[in-house]
Amino acid sequence: MLINLSQEYKDKLKEIRDHFGYASQKTKLLEELKELDVELKKLNAKNMDWERLIDTNTDVYDLLSEMADCYVVAYQLEYSGFIEIILTAKFILAFENGYELYNGLSVLRSKEIIKIAKFKIDRTIKRYDIKY
């Protein structure tokens with residue numbers, strides 16, 4: 001998902017990882033995956049079908065935000081392939097058509113996810129006064 005980030009953002013991710021430390025970010029990734037689980041459960045409880053969830057007119061910002069968090073931390077750890085597998089599995093377990101939903105969100109809402117991820121990266125750089 002974030003593999004096409006500019007070199008500037010890739011450098012920012014490395015600086016964030018170096019600032020917090022590799023071990024700390026591994027723990028952070030586990031926290032972010034738990035937060036994603038919460039969002040998946042909320043949407044599952046609403047019985048939203050996958051076509052509606054991938055529709056760009058449907059407000060699923062919280063879900064996209066949690067996906068972006070997972071991607072941001074995973075990319076700091078260089079787990080880009082790993083995170084795709086984990087997120088796919090989480091969607092499959094949460095929704096009847098989880099595979100289609102994850103793929104649909106990844107493709108149809110990817111610009112939104114990347115925009116959110118860039119915002120979160122910039123916010124972290126600013127909040128912790130990280131030099132890059």
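**Pockets and a helix**

Analyst: This is a predicted model. Start with the largest pocket: α1 (7-20), α2, α4 and α7 (110-127) each give at least two residues to its lining.

User: Which helix supplies the largest share of the lining of the largest pocket?

Analyst: The lining has 16 residues, with Gln25, Lys28, Glu32, Val73 and Thr124 nearest the centre of the pocket. By class, six are nonpolar, four polar and six charged. The largest share is five residues, and these come from α7.

User: What volume does the largest pocket have?

Analyst: The space is that of the pocket lined by 16 residues. Its volume is about 320 Å³.

User: Which helix gives the largest share of the lining of the second largest pocket?

Analyst: This pocket has a volume of about 210 Å³. Its lining includes Leu2, Lys10, Arg17, Tyr75 and Ser80. The largest share, five residues, comes from α1.

User: How far apart are the end C-alpha atoms of helix α5?

Analyst: Helix α5 covers residues 80-94, which is 15 residues.

User: Which exposed residues sit on the face of α5 turned away from its buried side?

Analyst: Ile83, Leu87, Thr88, Lys90, Phe91 and Ala94 are buried in α5. They cover an arc of only 160° around the axis, so they lie on the same side of α5. Their cover includes α2 (22-45), α4 (61-76) and α6 (98-108). The face turned away carries the exposed residues Ile85 and Leu93.

Definitions and conventions
Residues numbered from 1 in each chain as written. Predicted model: local features only at pLDDT ≥ 70, side-chain atom pairs only at ≥ 80, totals over all residues. Heavy atoms only, no water. Helix = DSSP H or I, 4+ residues; strand = E, 2+ residues; numbered from the N terminus. Expected span 1.5 Å × (residues − 1). Buried < 20%, exposed > 50% of the residue type's maximum accessible area, 1.4 Å probe, protein only. Arc of directions from axis to C-beta. Contact = heavy atoms within 4.5 Å. 1 Å grid on protein atoms, 1.4 Å probe; cavity = no way out; pocket = protein on both sides within 12 Å on 5 of 7 lines; lining within 4 Å. Points joined across faces, edges and corners; volume = space filled by probe spheres on them. Nonpolar A, V, L, I, M, F, W, Y, C, P; charged D, E, K, R; others polar.
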